[in-house]
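Dear colleague,

I am handing over the structure that we spoke about, and below it you will find my notes on what was found. Please read them slowly with the model open beside you.

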Amino acid sequence: MIIINIKDGESLDKALKRFKKKFEKTGVLRELRSRQAYEKKSVTRRTEIKHAVYIQNMNSEVS
């Protein structure tokens with residue numbers, strides 16, 4: 001359960017933004033989407049490797 005304390009004089013928009021940030025960090029939505037359909041471990045691992053290679057290529061282009 002996520003608890004957000006609203007400070008005196010704080011706008012509702014700022015409090016909502018802090019809530020969204022905390023909610024995103026918990027990873028609930030990401031896990032829910034991943035459970036929508038079963039994915040084999042080999043497919044998951046392959047996807048992770050592709051993502052890692054992509055990130056490495058992005059970092060090497062910047063340098």
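**Notes on the model**

Lys-41 has its place in helix H3, where helices (H or I, at least four residues) and strands (E, at least two) are DSSP runs that are numbered from the N terminus. At 72% relative accessibility Lys-41 counts as exposed, since buried means under 20% relative accessible area, exposed means over 50%, and partly exposed is in between, with a 1.4 Å probe and protein chains only. The C-alpha atoms of Lys-41 and Leu-12 are separated by 42 Å, while these residues are 29 apart along the chain.

Before going further, please keep in mind that this is a predicted model, in which local features need pLDDT of at least 70 and side-chain atom pairs count only at pLDDT 80 or more, whereas totals for chains, interfaces and linings use all residues. Residues are numbered from 1 along each chain as its sequence is written, and side-chain values use heavy atoms, with hydrogens and water left out.

**The chain as a whole**

The secondary structure of the protein chain comes to three helices and zero strands, and from the N terminus on the elements run α-α-α. The radius of gyration of the protein chain is 18 Å, whereas a compact globule of 63 residues would have one near 11 Å; this radius is taken over C-alpha atoms, and the globule rule is 2.2 Å times the number of residues to the power 0.38. Along its principal axes, the C-alpha trace spans about 50 × 40 × 15 Å.

How much of the protein chain is made up of buried residues? Of the 63 residues, 5% are buried. The protein chain exposes about 6,500 Å², and carbon and sulfur atoms supply 57% of this area; accessible areas come from the Shrake-Rupley method with a 1.4 Å probe, and for residues only the protein chains shown count as cover.

**Charges and salt bridges**

The protein chain has 16 positive and 8 negative charges, and their mean positions are 4 Å apart. In this count Lys and Arg are positive and Asp and Glu are negative, while His and the chain ends are not counted; the place of a charge is taken as NZ of Lys, CZ of Arg, CG of Asp or CD of Glu.

Three salt bridges are held by the structure, a salt bridge being a side-chain nitrogen of Lys or Arg within 4 Å of a carboxyl oxygen of Asp or Glu. One of them joins the side chains of Glu-10 and Arg-18 at 3.1 Å, N to O, and Arg-18 is partly exposed, with a relative accessible area of 29%. Another joins Arg-35 and Glu-31 at 2.6 Å, N to O; here Arg-35 is exposed at 63% relative accessible area, whereas Glu-31 is partly exposed at 40%. In a further one, the side chains of Arg-45 and Glu-48 meet at 3.7 Å, N to O. Why are Arg-45 and Glu-48 separated by about one helical turn? They are so separated because they are three residues apart in helix H3, and Glu-48 counts as partly exposed at 45% relative accessibility.

**Patches on the surface**

Patches are made of residues with over 30% relative accessible area and no salt bridge, with like charges joined within 9 Å and nonpolar side chains (Val, Leu, Ile, Met, Phe, Trp, Tyr) within 5 Å. A patch of positive charge gathers Lys-7, Lys-14, Lys-17, Lys-21 and Lys-25 on the surface. Among them, Lys-25 sits in helix H1, residues 12-26, and is exposed, with a relative accessible area of 70%.

Which residues make a nonpolar surface patch? Tyr-54, Ile-55 and Met-58 make one of about 290 Å². Ile-55 lies in helix H3, residues 41-62, and is partly exposed, with a relative accessible area of 37%.

With kind regards
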